[in-house]
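Student: I am new to this structure. Please take me through a close look at one part of it, and keep it brisk.

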Amino acid sequence: IEPTTGDIFDEFNKLETIEIIGSNSMKDYSSTNQPWNTIMSKIKTVKLGSEITTIGNYAFISATGLQTITWNSIITTIGSHSFEGCSSLLSLSLPSTVTEVKSYGFNECSNMKEITLSNIQIIGEKAFASTNITTIIIPSTINQIDNEAFGNCLQLSSMTYPNKEITFSPTILQGCSSMRTISISGNDAMV
């Protein structure tokens with residue numbers, strides 16, 4: 001979808017589903033120049049066409065009504081701020097093809113209680129900050145976790161990460177006041 005103005009969707013005030021078609025990477029946007037910006041809060045479902053590999057920066061920021069993301073089988077990257085502030089997302093299960101969630105990707109998805117990360121390699125700054133998750137399991141595919149990736153997740157009490165060398169910021173759990181258990185998978189050690 002590449003219309004010339006943000007007003008194209010103004011007439012579709014009952015539109016609840018956006019399907020992104022095309023191939024490769026979606027266009028990157030700013031926080032207010034998406035073609036569907038005027039109906040952002042009404043979007044309930046985002047469907048990714050079969051050839052989309054990357055969600056563009058700011059694509060669905062503040063889509064407060066978004067409840068469902070239908071993934072395709074080749075998506076690899078979630079752009080910066082792509083789903084930030086999507087407060088109606090309750091859970092997230094990233095497909096095994098996703099290897100990177102860039103900075104602020106799902107930041108402030110305040111009602112998100114569950115996150116499943118299958119083959120993630122890079123988690124950007126504040127990618128999952130200020131969500132409502134209680135536990136997180138980091139898969140063995142991880143290589144890098146950036147600043148405050150899970151910062152201010154006030155209900156987060158348990159984290160499991162692999163017994164391998166990882167590049168991570170010491171602030172990945174900043175503000176997680178309920179954190180009680182950090183487990184290292186493949187090892188009996190508890191921190």
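**Loops and the core**

Tutor: Asparagine 152 sits in the loop between strand S12 (144–145) and strand S13 (158–162). Strands here are DSSP runs of E with at least two residues, and helices are runs of H or I with at least four, both numbered from the N terminus. The model is predicted: local features need pLDDT of at least 70 and side-chain atom pairs pLDDT 80 or more, while totals for chains, interfaces and linings use all residues. Residues are numbered from 1 along each chain as its sequence is written, and side-chain values use heavy atoms, leaving out hydrogens and water.

Stay with asparagine 152. Its phi is positive, about 60°, although the residue is not a glycine. Asparagine 152 is partly exposed, with a relative accessible area of 37%. Buried means under 20%, exposed means over 50%, and partly exposed lies in between (1.4 Å probe, protein chains only).

Histidine 81 also has a positive phi, near 60°, and is not a glycine. Find histidine 81 in the loop between S6 and S7. Histidine 81 is buried, with a relative accessible area of 14%.

Now turn to phenylalanine 150. Its contacts (heavy atoms within 4.5 Å) include Ile123, Phe128, Ala129, Ile133 and Leu156, leaving aside residues up to four places away in sequence. Cys176 is also among them.

Next, the core. A nonpolar core is a set of buried Ala, Val, Leu, Ile, Met, Phe, Trp, Tyr and Cys residues joined through side-chain atoms within 4.5 Å. The largest one has 52 residues, and Phe60, Phe106, Ile123, Phe128 and Phe150 touch the most other members. The elements that give two or more residues to this core are strands S1 (17–20), S3 (45–48) and S4 (52–55).

Look along S1. S1 pairs with S3 in the parallel sense over four bridges; pairing requires at least two DSSP bridges between the strands. Glutamate 19 stands opposite lysine 47 in S3.

Now the rings. The structure holds seven aromatic pairs. Rings of Phe, Tyr and Trp (its six-membered ring) pair if their centres lie within 6.5 Å; planes under 30 degrees apart are stacked, over 60 edge-to-face, and the rest tilted. The rings of phenylalanine 60 and phenylalanine 83 have centres 5.6 Å apart and planes at 15°, so this pair is stacked. The pair links distant parts of the chain, 23 residues apart: phenylalanine 60 is in the loop between S4 and strand S5 (68–70), and phenylalanine 83 in the loop between strand S6 (77–78) and strand S7 (91–93). Both phenylalanine 60 and phenylalanine 83 are buried.

Phenylalanine 106 and phenylalanine 128 are stacked because their ring centres are 5.6 Å apart and their planes at 0°. Phenylalanine 106 lies in the loop between strand S8 (100–101) and strand S9 (114–116), and phenylalanine 128 in the loop between strand S10 (122–123) and strand S11 (135–137), so the pair ties together parts 22 residues apart in sequence. Phenylalanine 106 and phenylalanine 128 are buried too.

Ring pairs link Tyr29, Trp36, Phe60, Trp71, Phe83, Phe106, Phe128 and Phe150 into a cluster. Step back to the whole protein chain. It has zero helices and 15 strands. Of its 191 residues, 43% are buried.
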